[in-house]
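Visitor: I would like to learn how to read the features of a protein model. Could you walk me through one?

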Amino acid sequence: MHISKGSFIFTEIDSVYNLELFMKILYRISFLSLLFLLLPYFNGQSQQANSAAYNISLPNQNGTILSLDKNVGKYVYLHFWASWCEQSLTQFPILNDIYAHYHQEAFGQADGFEIYSVSLDSDRNEWLGKLSQNQLIWPQQVCDFSGYASPVCRQYQITSTPSSF
């Protein structure tokens, strides 16, 4: 089946692989669109200039403590995920693309874009394995291995993954 309408061409999807690929692309486009539609809202309405989120200070994969408040003056995408959550894992290619493209960009008074990822894993090896497997390019990956019992989950009222602010 082949239908032309304007400049768009619609064709029948002939295999499960093509359907899965189509859905992944559609999901990425939707996620990116939503993120950038919401950025002005967060900047102008819900976050006042110099207002602070609850600070998070957790260890990265090398044991170095990384604090959320070191990102003052930047747009920060605060991302909660877990290695066992498939929906969390499907976001990684999208987040890699967003970070690579917008990390150095200036947005009004914000000087750059950062992603601060908090894993809700309780197993260090599982966490490190998913970091390596997914080749995440942003450096701020932290975990306290407390899962949903982490004080950070209570501060941000995290009840499911993925969650983001």
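Predicted model: local features only at pLDDT ≥ 70, side-chain atom pairs only at ≥ 80, totals over all residues.

Visitor: Where does valine 152 lie, and which residues is it in contact with, leaving aside neighbours within four places in sequence?

Guide: Valine 152 lies in helix 5, which covers residues 151-156. Leaving aside those within four places in sequence, its contacts are Ile56, Leu58 and Phe80.

Visitor: Now the strands, please. How should I read the side chains of strand 8?

Guide: The general idea first: in a regular strand, side chains alternate between the two faces of the sheet. In strand 8, Phe113, Ile115, Ser117 and Ser119 point one way, while Glu114, Tyr116 and Val118 point the other way. Both sets are buried. Because 7 of the 7 residues of this strand (113-119) are buried, strand 8 is largely enclosed by the rest of the structure.

Visitor: Which strands pair with strand 8, and in which sense?

Guide: Strand 5 (residues 75-81) pairs with strand 8 in the parallel sense over 7 bridges. Here leucine 78 stands opposite tyrosine 116. Strand 9 (residues 140-143) also pairs with strand 8 in the parallel sense, over 4 bridges. In that pairing, glutamine 141 is the bridge partner of serine 117.

Visitor: What do strand 8, helix 4 and strand 9 make?

Guide: Strand 8, helix 4 (residues 124-134) and strand 9 make a β-α-β unit, and the unit is right-handed.

Visitor: On to aromatic rings. How many aromatic pairs does the structure hold?

Guide: A pair of aromatic rings is described by the distance of the centres and the angle of the planes. The structure holds 11 aromatic pairs. In one of them, the ring centres of phenylalanine 80 and phenylalanine 165 are 6.2 Å apart and the planes lie at 85°, so this pair is edge-to-face. The pair links distant parts of the chain, 85 residues apart: phenylalanine 80 belongs to strand 5, and phenylalanine 165 to the segment after strand 10 (163-164).

Visitor: Are phenylalanine 80 and phenylalanine 165 buried or partly exposed?

Guide: Phenylalanine 80 is buried, with a relative accessible area of 0%, whereas phenylalanine 165 is partly exposed, at 44%. Another pair, tyrosine 102 with phenylalanine 107, is tilted, with 6.0 Å from centre to centre and 35° between the planes. Tyrosine 102 counts as partly exposed at 23% relative accessibility, and phenylalanine 107 counts as buried at 19%. As for clusters, Tyr54, Phe80, Tyr156 and Phe165 form one.

Visitor: Which residues have the most contacts inside the largest nonpolar core?

Guide: In soluble globular proteins, nonpolar side chains tend to be buried together. The largest nonpolar core here has 18 residues, and those with the most contacts inside it are Trp81, Phe92, Leu95, Phe113, Ile115 and Trp138. Strand 5, helix 3 (92-102), strand 8 and helix 4 each supply at least two of its residues. Helix 3 gives the largest share, 5 residues. Apart from this core lies another, of 16 residues, among them Leu66, Phe80, Ala82 and Val142.

Visitor: And what does phenylalanine 113 touch?

Guide: Not counting residues up to four places away in sequence, phenylalanine 113 touches Tyr75, Tyr77, Ile98, Tyr99, Tyr102, His103, Glu105 and Phe107.

Terms used
Residues numbered from 1 in each chain as written. Heavy atoms only, no water. Buried < 20%, exposed > 50% of the residue type's maximum accessible area, 1.4 Å probe, protein only. Pairing = 2+ DSSP bridges. Right-handed = clockwise from strand over helix to strand, strands pointing away. Phe/Tyr/Trp six-rings, centres within 6.5 Å; stacked < 30°, edge-to-face > 60°. Core = buried A, V, L, I, M, F, W, Y, C linked by side-chain atoms within 4.5 Å. Contact = heavy atoms within 4.5 Å.
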